[in-house]
Amino acid sequence: MSMMTRRPWMIVAIGAALLATGVVAYHVGRAWAEGVPTSSPLYFSGTITEGATPVEGTRDVIVRFWDRDTGGTNVCTTTAAGAVVRTGRFRIALDAACTTAVQATPDLWVEVQIGTTPLPGRMKVGAVPYALESGRAVAAGGTLAAELADLRGRVAALESAPRRPCPTGMVAAGSFCIDKYEASVWSNAACDRTGTQYGETTTDDYPGSFPDNGNFNVPLYACSIPGVMPARMITWFQAQQACAASGKHLCTNEEWQTAVAGTYDPGSWPGAAGACGSTSPSPGRCNTCSTGPRSTGQAGAVPGGANDCISMHGAEDMIGNLWEWTAYWATEPGWNGTISTWNAVGSASYGSDAYFHGGPEPSPAHRSPGSYQVWDGAAAARLPGAAIRGGTWADGPGAGAFAVNLEYGPSSWTTSFGFRCCLGR
């Protein structure tokens, strides 16, 4: 059941249940019923929020039972001064009088007060669903009680633990980690530059055991390391599988957009003249106006500086260099032959970043026979487009934090397609 009251400075929400002895927040099995458990004591539990924030600390909780929904006689009252509230949750034992009263007469009405604030309205006890632990945790004692207490401690420790640090080669972006560098692909999962590197040139050198469609027999691994040419000539399927083999996942469109924040947009450099941030794949600004991609680790040194291509989270070269596959597919109505910019449809604050319309169009860049609109080149069916982000070394001011292209299917590959991986924290 739930109860709410509004004060100028606080909104309190209570979700309450009557629980038998030994029932904890860890539910192995759950039986919903009307009525009241017969064991003693009974517990009253719920959650409290102030505004939208779960309460932490202690609160005085008063639970009153009445024989009517309004007026009537106060049958009994349990007062819990300084009840512990953790992440909004509390649990108090009803005193003997209330336990006896509730078990004897389930047709009672309950009223809750938090501190000096009584919550409006009473609720009928017998109509409130409550959770039982498959009937086996009731009145638990001995070894089972100890095990349940240990579980409570473990859950509390997990809830209060800080987020785990990001692995080597990744940087934190809120609730997830993202590769610091555009990924390179290797035969060795150690990512120590030993083994064979694939996709570092304009040659399609991925082995047959790691085919275009990602149905591999031998895994390859996505590595985020400096001083190497990032992988290209790679399909969406291969990129997704390389991330998975490395214990990560291909970054979602939303993760990519979060992590790019703070990277200077080409054409917007402080004091820069012209449309391009750089004219060669040399160290420093985003590589957006050159003749090819640069190796990793050349993006400058200070996030937010005038001579860098580093996001505020520390991810390098998310703008320019290589288009980056993201874990997003879309069905588009068809290529319309135009390239637009964000500021054409809204605010100029999006700069000149480009978006490419429509679903896949035929391109010689695809390695399958025939049009890359089809999986096997045998029909004229149109494939979904897979989103690539950020732009390339040759896109000039069209590259940027909002640059997105949906004209290529996930089975496509070119010299300008790369990727990076993400990982939850």
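Reader: Which residues are linked with R64 and E111 in a network of salt bridges?

Author: In this predicted model, the side chains of R64 and E111 meet in a salt bridge at 3.8 Å, N to O. That value falls within the 4 Å limit that defines such a bridge. The network that holds R64 and E111 also includes R122.

Reader: Where in the chain do R64 and E111 lie, and how many residues apart are they?

Author: R64 belongs to strand β8 (residues 57-66), whereas E111 belongs to strand β11 (residues 109-114). The pair therefore links distant parts of the chain, and R64 and E111 are 47 residues apart.

Reader: Is R64 buried or exposed, and what is its relative accessibility?

Author: A residue counts as buried when its relative accessible area is under 20%. E111, the partner of R64 in the salt bridge, is buried with a relative accessible area of 15%. R64 also falls under the limit, so it counts as buried, at 19%.

Reader: How many residues apart in sequence are the parts tied together by D317 and R294?

Author: The side chains of D317 and R294 meet in a salt bridge of 2.7 Å, N to O. Both residues are buried. Each lies in the loop between α4 (253-259) and β21, so the pair ties together parts whose separation in sequence is 23 residues.

Reader: Which residue meets E324 in a salt bridge?

Author: E324 is in strand β21, and its partner is in the loop between β26 (417-418) and β27 (421-424), 96 residues apart. Both side chains are buried. They meet at 2.7 Å, N to O, and the partner is R420.

Reader: Which element gives the most residues to the largest nonpolar core?

Author: This core has 26 residues, and V185, Y206, I234, L250, W325 and F419 have the most contacts inside it. At least two residues come from each of α3 (236-245), β21 (323-330) and β24. The element that gives the most, with 5 residues, is α3.

Reader: What distance separates the C-alpha atoms of A386 and W325?

Author: A386 is placed in strand β24 (residues 385-389) and is buried, with a relative accessible area of 0%. Beyond its neighbours within four places in sequence, A386 is in contact with residues including W236, W325 and Y328. A386 and W325 are 61 residues apart along the chain, yet their C-alpha atoms are separated by 7.3 Å.

Terms used. Residues numbered from 1 in each chain as written. Predicted model: local features only at pLDDT ≥ 70, side-chain atom pairs only at ≥ 80, totals over all residues. Heavy atoms only, no water. Helix = DSSP H or I, 4+ residues; strand = E, 2+ residues; numbered from the N terminus. Buried < 20%, exposed > 50% of the residue type's maximum accessible area, 1.4 Å probe, protein only. Contact = heavy atoms within 4.5 Å. Core = buried A, V, L, I, M, F, W, Y, C linked by side-chain atoms within 4.5 Å.
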